[in-house]
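The following account leads the reader through several parts of one structure in turn.

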Amino acid sequence: MSQNPAAQNPARKVLHFNAFVMNTTSHIHHGQWRRPDAGQVDFNDVQLWIDLARLLEEAKFDGMFFADVSGLYGDSDANFDVYVKEGLQIPSNDPTVLLSALAVSTSHIGLALTSNVVQSHPFHFARQISTLDHISNGRIAWNIVTGVQDNGARNFGLPQLTDHAERYEWAEEYVDVTYKLWEGSWDEGALLQDKAAGVYADTGKIHKIHHAGKRYTVEGPHLPSPSPQRTPVLYQAGSSASGRAFAAKNAEATFIIAPSPAVAAEQIAQTRALAVSFGRNPDDIKFFQGLSFVIGDTQEEAEAKAAEYESYVSVDGYLAHAAIVDKQGRVYPPETLVRDVETNTMKGFLEWISQYITDREPVVGDLALLQSRSTRIVGTPDQIADEIERWQDAGVDGINVINWVIPGSFAEFADKVLPVLRDRGLAQREYADGPLRQKLFGRPRLNERHPAARYRGAFADAPVPA
């Protein structure tokens, strides 16, 4: 057992653990799908996901967090051969559909889906989510995103991705519509199911919302009756100023991929302070850091496994995912000097690599390798637990575990690391009762400080627009 004094600190809180996945072959760690033990190549097989969900539930993971995209990365008019060759989020499938199968194959684990505000009308989306929340008995979460791809915008009839600040303005109206439907359209007690009286629901407690905004006009009412959570648990993953402000106002959980605990602490403190400015409490938001793990029984074994993973690293895959491509959509040769790369995006990545390599001119191949090592922890289970404690000390409430291979990365974490974390009081041994929000926050519904709460009872006496 580690000699880290903090490891025995009974004051430490239990952390939350999600499996961060995507219904595709190559999600985060590109090139690993070529490994003999990489089951993610069979992502079209629903049984792969059912088996993984059951494995995670047996290990008492809090949730499965599904990423998603609505288009290709890179310049919309450029060649996209590299994405197809690498299986880099193409092909990929819709997680919203997949969650139905997982909901009926599990009983406790949370199920989070990503959905772009561009890709679905809010009335339709709100109905889908309520249906999933009913099917799962209240285990659904929504990762609210605004999109980062021009191609994704074009797939839904836009000429290009809208301005960053405008996208978050759009998201504000989008969530406002869903909040009205989930929280305000049906009052408590509206569903009667009174067979003797022949009355299924109380018409006086079901209301149209009559939303009229810049982008949407939605009359209502919401067609599903209130689900166990009404509103799903709300995730958000934006790290920009606009994204952090949106999260501070709306999110219950925020996914971050900070490069260090110090950076995470700064991001978390800023967002919590913003939450207070919106009338919320600092702890109304939980922060999940994305990390991947290379686990060995000894340090030497862990380092040998890390070298093996690196032998499968696809330089082209990492560069393409980071949009480090030329104007024709082709990735730069690995030996290209970083200073010779021409790009209007991802400049931060290029500045980042120059901070790490100072004894020579960095090349783009270095960038891919550093990306594969970013937020990666290599070590024994005790060493990994020590590092996770450092992240907790920075203010992190949970970890989104990023896989190298499916199911092996999660099985190994469950078998080797979670027992150590449980011994330190850092991971749950059993699930709490109730819906996902109750498991995470101790209550099934949004608290009164959330902006959606203002719509409870708001439409009972609302006049019908002329």
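This is a predicted model: local features need pLDDT of at least 70, side-chain atom pairs count only at pLDDT 80 or more; totals for chains, interfaces and linings use all residues.

A residue is called buried when its relative accessible area is under 20%.

The pairing of E1 with other strands comes next. Strand E1, residues 16-22, is joined to E2 by 5 bridges, and these two strands run parallel. Within this pairing, Asn18 has Gly63 of E2 as its bridge partner, while Ala19 stands opposite Met64 in E2. E1 is also joined by 5 bridges to strand E13, residues 398-402, and this pair too runs parallel. Here the bridge partner of Phe20 is Ile402 in E13.

From E1 the reader may move on to E2. Helix H1, which spans residues 46-58, makes a right-handed β-α-β unit together with E1 and E2. Why can strand E2 be described as largely enclosed by the rest of the structure? The reason is that 5 of the 5 residues of E2, residues 63-67, are buried. This cover extends to both faces of E2, with Gly63, Phe65 and Ala67 buried on one side and Met64 and Phe66 buried on the other.

Thr178 belongs to helix H6, which covers residues 164-184. The relative accessible area of Thr178 is 0%, and therefore this residue counts as buried. Leaving aside residues up to four places away in sequence, Thr178 touches Pro122, Ala126 and Trp142.

Ser185 is found in the loop between H6 and strand E5, the latter at 191-194. Is Ser185 buried or exposed? Its relative accessibility is 0%, so Ser185 counts as buried. Not counting residues up to four places away in sequence, the residues that Ser185 touches include Lys180, Lys205, Ile206 and His207. Also among them are Ile209, Pro221, His222 and Phe459. Ser185 and Gly220 are separated by 35 residues in sequence, and their C-alpha atoms are 7.5 Å apart in space.

Helix H12, residues 364-373, is mostly covered as well, with 8 of its 10 residues buried. The buried residues of H12 are Val364, Gly365, Asp366, Leu367, Ala368, Leu370, Gln371 and Ser372. After H12 comes Thr375, which has a positive phi, near 55°.

The last subject is empty space. Rolling a probe the size of a water molecule over the atoms shows where empty space is left. The second largest pocket holds about 280 Å³ of space. Which residues lie nearest the centre of this second largest pocket? They are Lys13, Arg272, Lys286, Val396 and Asp397, which belong to a lining of 13 residues. Sorted by class, the lining of the second largest pocket has 6 charged, 5 nonpolar and 2 polar residues.

Methods: Residues are numbered from 1 along each chain as its sequence is written. Side-chain values use heavy atoms; hydrogens and water are left out. Buried means under 20% relative accessible area, exposed over 50%, partly exposed in between (1.4 Å probe, protein chains only). Helices (H or I, at least four residues) and strands (E, at least two) are DSSP runs, numbered from the N terminus. Two strands pair if DSSP finds at least two bridges between them. A crossover is right-handed if, with the strands pointing away from the viewer, the path from the first strand over the helix to the second runs clockwise. Contact means heavy atoms within 4.5 Å. On a 1 Å grid over the protein atoms alone, a cavity is a set of points where a 1.4 Å probe fits but cannot get out, and a pocket is an open set with protein on both sides within 12 Å along at least five of seven lines; lining residues have an atom within 4 Å of a point. Grid points are joined across faces, edges and corners, and a volume is the space filled by probe spheres set on the points. Ala, Val, Leu, Ile, Met, Phe, Trp, Tyr, Cys and Pro count as nonpolar, Asp, Glu, Lys and Arg as charged, and the others, Gly among them, as polar.
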